[in-house]
Amino acid sequence: MSVAVSPLAPKSYPDMPALRGVRMATAAAGIKYKNRTDVLLMVFDRPASVAGVFTKSKCPSAPVDFCRANLGGGAARAVVVNSGNANAFTGLKGKAATELTAKSAAAAVGCSEGEVFLASTGVIGEPLDASKFAGVLGDMNVRAEADFWQEAAKAIMTTDTYPKVSTRTAEIGGVVVTINGISKGAGMIAPDMATMLSFVVTDADIEPAALQSLLSAGVGPTFNSVTVDSDTSTSDTLMLFATGAAAEDGQLKVTSADDERLSSFRAALNDLLKDLALQVVRDGEGARKMVEVTVTGAENDAAAKKIALSIANSPLVKTAVAGEDANWGRVVMAVGKSGEMADRDRLAIWFGSVRVAVNGERDPDYSEAETTAVMRLEDIPVKVDIGLGEGTATVWTCDLTKEYVAINGDYRS
């Protein structure tokens, strides 16, 4: 784990309110790191509605398989998360580890194994000794408390340099509800229908099918629009739970995502998802700069996003940003290799508010000094207009530094 906190880290962290219907505890099981918490237990004393989106990797982890199998049940009583070992590409041993963990969690909480959800993060290919934390889950359940979000976020960190938390409030039918979320992630970040690990809980009373629709729609412009290094994890898991406690305040159960009463909640949820996603990018391994890439004028929105990701994932673009070099030629390269429709002679590029290229060549008013000033900022907006249609998209990334190579060059040692 990196010692120095990312220079892009939040200057302050929100006060995370306790949320009715969920309790949490952490423990140090020594899975990889010594003297730090590496197991998180979330307990729902009454069954919570559950929704989830997971990695599209063709080599998913054993916990991802386990969660997918249980998701159809629609109810959650316990979530067990460990850091330090991804339990991915671990064969029959991986399946056995999830079964042991689920059995232990079900016994600790007093629920069925079908109401347990699991997630693991860390090294791929190393068998996970689930007995290390299976024995502590009973004690964790006893001491689990509601006001524990910051500590929960710390327990799921790997190469993260700071815990990622976010909270929002909304109203459903005049009743105020709360949404809290935590995430982890710093490398192997190019989510595909989910993110690294993220767990979001609300006290709203929403049925699983409606919850799933909200979550599936919410990941597109948030977690699926960030990238650190173009690598989609085997373990990407994003889960949303609704405890239903707001029913005690008179909130009527929501059964459909089309319910008009959900407008405030949907906006708050999407805002929270974006906040967590950007916190992940701002903690990109070795990152010193955040880059917002906006593409306009593409053939359609899907094409715009593909072009934006081509720019954001380019090692040459990202290293130029790290070196504060306004090398817009690399942006041209990334547009051209995307495979989407583009016309060289219609292309325009901005770094910040400075237009550096237009009509297929360098802007006649280009100023190296003004552009260099933009490149020295911590947050750098890059805009590209393709000049062909109405398609738009925005994605976020970070620079690529020597520290990224150092962190990943000895990740297992």
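Q: By class, how many nonpolar, polar and charged residues does the lining of the largest pocket have?
A: This is a predicted model, in which local features need pLDDT of at least 70 and side-chain atom pairs pLDDT 80 or more, while totals for chains, interfaces and linings use all residues. Numbering starts from 1 along each chain as its sequence is written, and side-chain values use heavy atoms, without hydrogens or water. Classes are nonpolar (Ala, Val, Leu, Ile, Met, Phe, Trp, Tyr, Cys, Pro), charged (Asp, Glu, Lys, Arg) and polar (the others, Gly among them). The lining has 10 nonpolar, 10 polar and 5 charged residues.

Q: Which residues are closest to the centre of the largest pocket?
A: A pocket is an open set of points on a 1 Å grid over the protein atoms alone, where a 1.4 Å probe fits and protein lies on both sides within 12 Å along at least five of seven lines; lining residues have an atom within 4 Å of a point. Here 25 residues line the largest pocket. The closest to its centre are G122, K184, G187, M188 and Y411.

Q: Which element gives the most to the lining of the largest pocket?
A: Helices (H or I, at least four residues) and strands (E, at least two) are DSSP runs, numbered from the N terminus. β4 (116–123) and α12 (402–409) each supply at least two lining residues. The top contributor, with 4 residues, is β4.

Q: Is T90 buried or exposed?
A: T90 sits in the loop between β3 (75–85) and α2 (91–109). Its relative accessible area is 11%. Buried means under 20%, exposed over 50%, and partly exposed in between (1.4 Å probe, protein chains only). So T90 is buried.

Q: Which side chain is joined to that of T90 by a polar contact of 2.8 Å?
A: Beyond its neighbours within four places in sequence, T90 is in contact (heavy atoms within 4.5 Å) with G125, E126 and P127. A polar contact is an N or O pair within 3.5 Å; within protein, one atom must be able to donate a hydrogen and the other to accept it, and residues adjacent in sequence count only through side-chain atoms on both sides. At 2.8 Å, the side-chain partner of T90 is N87.

Q: What is the relative accessible area of S183?
A: S183 lies in strand β6 (residues 175–184). Leaving aside neighbours within four places in sequence, S183 touches I156, K164, L197, S198, F223, L276 and V280. Its side chain also makes a polar contact of 2.6 Å with that of S198. S183 is buried because its relative accessible area is 1%.

Q: Which strands stand at the edges of the open sheet of 6 strands?
A: The order is β12-β11-β10-β13-β9-β14, with mixed pairing. Strands pair if DSSP finds at least two bridges between them. Two strands have a single partner each, so one side of each is left without a neighbour in the sheet. Those are β12 and β14 (391–398).

Q: Which residue stands opposite A357 in β12?
A: Strand β11 (residues 354–358) has 4 of its 5 residues buried. On β10 (residues 348–351), joined to β11 by 3 antiparallel bridges, I349 stands opposite A357. Strand β12 (residues 361–362) joins β11 through 2 antiparallel bridges. There, A357 faces R362.

Q: Which residue takes a positive phi near 55° in the hairpin of β11 and β12?
A: The hairpin of β10 and β11 has 2 residues between the strands, and G352 takes a positive phi near 65° there. The hairpin of β11 and β12 also has 2 residues between its strands. In this hairpin, the residue near 55° is N359.

Q: What is the bridge partner of V291 in β14?
A: Strand β9 (residues 290–298) runs antiparallel to β14, and 7 bridges join them. In β14, V291 pairs with T397.
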